[in-house]
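Colleague: I want to learn how to read a model like this one. Take me through it feature by feature, please.

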Amino acid sequence: MEKTTTIIKGIEVPIYSMNTLVIGSGAAALNCAVHLHEFGVQDMAIVTERLGGGASNNSGSDKQTYYKMSISGKEADSPYELAKTLFDGGAMHGDIALIEATLSLQEFYHLVQLGVPFPHDKYGTFIGYKTDHDPKQRATSAGPRTSNQMFECLARDVTGKEIPVLDRHEVIALLTKTEGNQKKVIGAIAINKNKMVSDNLGLVLLNCENIVLGIGGPGGMYQSSVYPEGQIGSIGIALTAGAIANNLTESQFGLSSIKVRWNVSGTYQQVVPKYISTDQDGNNPQEFLNEYFDSMGKLATCVFLKGYQWPFDARKLTNFGSSIIDILVYNERVLKGRRVFMDFRSNPEGDDRIGAFSLNDLEPEAFEYLKKSGALFGTPIERLEKMNNLAIEFYQSRGINLYKEPLEIAVCSQHNNGGLKGNIWWESNVKHLFPVGEVNGTHGIYRPGGSSLNGGQVGGYRAAQFIAANYQSSPKQIDQFVTEASDQITELFTYYQDISKRVNADSTYGEEIRAQIQTTMTLSGSHIRELSTVSDALEKAEALYTQFDENLEICSRNEVLGSIQNKMLLATQIAYLSSIKKYLQEGGGSRGSYIVLDPEGEQIHPKLDGNWKIKHENSSHRDKIIETSLTSSGQFESSMEPVRPIPEDDEWFENVWNQYLQGEIVR
């Protein structure tokens, strides 16, 4: 990486030049950087708004899952079988599924070699367990902080390889040029967050041949979110640069604590805590689930199953499915205006109608699980201590003592299954742009739990492999770069300078816009959807975007970055809502981690009012992917594209060997 300066609009601006720019510091981005270095691409740099600030280092659950091909026990498995599981989840390309399956063990063992402490037995076997949407025991875990440990080990390797890191630099725009009829990324603009009040507003130019985009999901778009508070999500910079998105309809939602943003899946549910709701002051506690179940045994089993039937699942609602818990929590919090807690200090109490709690009344699946775990005794906190004490220690380390207080929860946005389109090398339709990790929309509808961690590692490897084989050119000379991007740079710099002059110390415009984005998305684009609500939300978002610049004010120059983030979040919201609207207009129903309300649909529970009727999934849409892109008129449009099948493995060794030796594979 080379640093120099240039003059833009009379202001000196730093320029960093390199072959490959890696944006983001999550596990996928860091893994790509590590592999690039190993492949010989050492002219690179990582740019990140805060090293370790994203979901990889700050998200998890009771035992965060990593999904891979099975390597334990007698149960047979193969890359094709794993690919079929991924592909059968719907709206996923078969060739991508096969790649994620085939390379799952390579990248798993890479993490093992870097020091991630995945548990194995005395024979060296990495024991597996079954996770959600998983027909085999392919899951493993290093504990509640699996992705955190991945981040730590990869970050340590990045440091050891002396890969440069521009910390506290947030990328706010991608620079492109058109070659023929195709766009190509040529660089980016960032803001140095340490210099936002300087004359140049902290603006930095990044001149590069390739960009690896590992920026995670748009957590800042939702009011109820388990994403780290600092993770806004910058997919908007790629969408507005012309990158096509896949499956923005598909996100995951689930129960999470809100004081500390953390998924309450797995053991947190399997120990069967008491669910209570209170008024806003914490008074008038009620075991609100009692009203909706016919027996305490069924209620307790439903809570237990919530543990690994995760996350919210449209197929697990009727007939007392485990996802009815999410709806009842939402009903208490949002519609009744109460607060909801999981209380581990005592067992559910029940009432005269449904009976008292007894472990003996659990249905066989729950009873046998607790029996094998040696946890058929005591209170939920005692069972949790027996089964997974790390889950207790996690909250204790963050100031919440589950022995002494209940845990406040909500249904939150937790993962983005959709994202940017990429080919089999993870390259976008914008050439030289490689979205990796959560921002790459490979995951389809029903992905097995933990497959996102595998997908991020595989994607980072594939991008590095392709760049090393095809895109190792040196960055452009500074004058050529500035000339090629001159119009974009001038326009953006002028805009940012204009923002910096709109100071009104009393302004709350930024806070109001962010609140509108988050409230609208949580109410219309999360786990409960209907066409009229989505259409109204889309109109409001488009109006806000149109009026954004005209009404823009900041309370200080430090808010320039926040204003840019808000505008990108609005663009992102419009793209997401446009995609959801297209799906609903095409007759799409409840699937994945959301339901579609329909007055002519099926009542999901006899004791909920008549508004809780859902339209069931139209299964014909499973073999299609929704592609969304920005048109030349500045509107987002979506189309339904057929999925590609899983490739048949009929290759002949000598032929592949010759192609490999001739360098014909990685292209």
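Colleague: Is A91 buried or exposed?

Modeller: Start with the cut-offs. Buried means under 20% relative accessible area, exposed means over 50%, and partly exposed is in between (1.4 Å probe, protein chains only). A91 has a relative accessible area of 2%, so A91 is buried. A91 lies in the loop between α3 (79–88) and α4 (94–102). Helices (H or I, at least four residues) and strands (E, at least two) are DSSP runs, numbered from the N terminus.

Colleague: What should I know about the model itself before going on?

Modeller: This is a predicted model: local features need pLDDT of at least 70, side-chain atom pairs count only at pLDDT 80 or more, and totals for chains, interfaces and linings use all residues. Residues are numbered from 1 along each chain as its sequence is written, and side-chain values use heavy atoms, with hydrogens and water left out.

Colleague: How do I read backbone angles?

Modeller: Most residues other than glycine have a negative phi, and most peptide bonds are trans. A91 has a positive phi, near 55°, and is not a glycine. L201 is not a glycine either, yet its phi is positive, about 60°. L201 sits in the loop between β8 (182–192) and β9 (203–213). With a relative accessible area of 3%, L201 is buried.

Colleague: Which residues does the cis peptide bond join?

Modeller: W310 and P311, with omega about 0°. P311 is in the loop between α9 (296–306) and α10 (324–335).

Colleague: On to cysteines. How many disulfides does the structure hold?

Modeller: A disulfide is a covalent bond between the sulfur atoms of two cysteines. The cut-off here is a pair of cysteine sulfur atoms within 2.5 Å. The structure holds zero disulfides. C32 is in none; its nearest cysteine sulfur is that of C208, 13 Å away. C153 is in none either, and its nearest cysteine sulfur, that of C32, is 18 Å away.

Colleague: Are C32 and C153 buried or exposed?

Modeller: C32 has 0% relative accessibility, so C32 counts as buried. C153 is buried too, with a relative accessible area of 6%.

Colleague: Next, salt bridges. How many does a search of the whole structure find?

Modeller: A salt bridge is a side-chain nitrogen of Lys or Arg within 4 Å of a carboxyl oxygen of Asp or Glu. The search finds 29. One of them pairs K161 with E38, with the closest N and O atoms 3.7 Å apart. K161 lies in the loop between α6 (146–160) and β6 (165–167) and E38 in helix α1 (residues 27–38), so this pair ties together parts that are 123 residues apart in sequence. E38 is partly exposed, with a relative accessible area of 43%.

Colleague: Which residue forms a salt bridge with D95?

Modeller: R644, with the closest N and O atoms 2.8 Å apart. D95 lies in helix α4 and R644 in the loop between β22 and α20, so the pair ties together parts that are 549 residues apart in sequence. D95 counts as buried at 15% relative accessibility. R644 counts as partly exposed at 31%.

Colleague: What about R345?

Modeller: R345 forms a salt bridge with D343, the closest N and O atoms being 2.9 Å apart. R345 is partly exposed, with a relative accessible area of 36%. D343 is buried, at 6%. Bridges can also share partners: K177, E179, K184, E209, K476 and E484 are joined this way into one network.

Colleague: Which residues form the negative surface patch?

Modeller: Patches use residues with over 30% relative accessible area and no salt bridge; like charges are joined within 9 Å, nonpolar side chains (Val, Leu, Ile, Met, Phe, Trp, Tyr) within 5 Å. Lys and Arg count as positive, Asp and Glu as negative, while His and the chain ends are not counted. A charge is placed at NZ of Lys, CZ of Arg, CG of Asp or CD of Glu. The negative patch is formed by E648, D649, D650 and E651. E648 is in the loop between β22 (636–642) and α20 (653–661). At 59% relative accessibility, E648 counts as exposed.

Colleague: And which residues make the nonpolar surface patch?

Modeller: F653, W657, Y660, L661 and I665, over about 600 Å². Accessible areas come from the Shrake-Rupley method with a 1.4 Å probe; for residues, only the protein chains shown count as cover. L661 lies in helix α20. L661 counts as exposed, at 57% relative accessibility.
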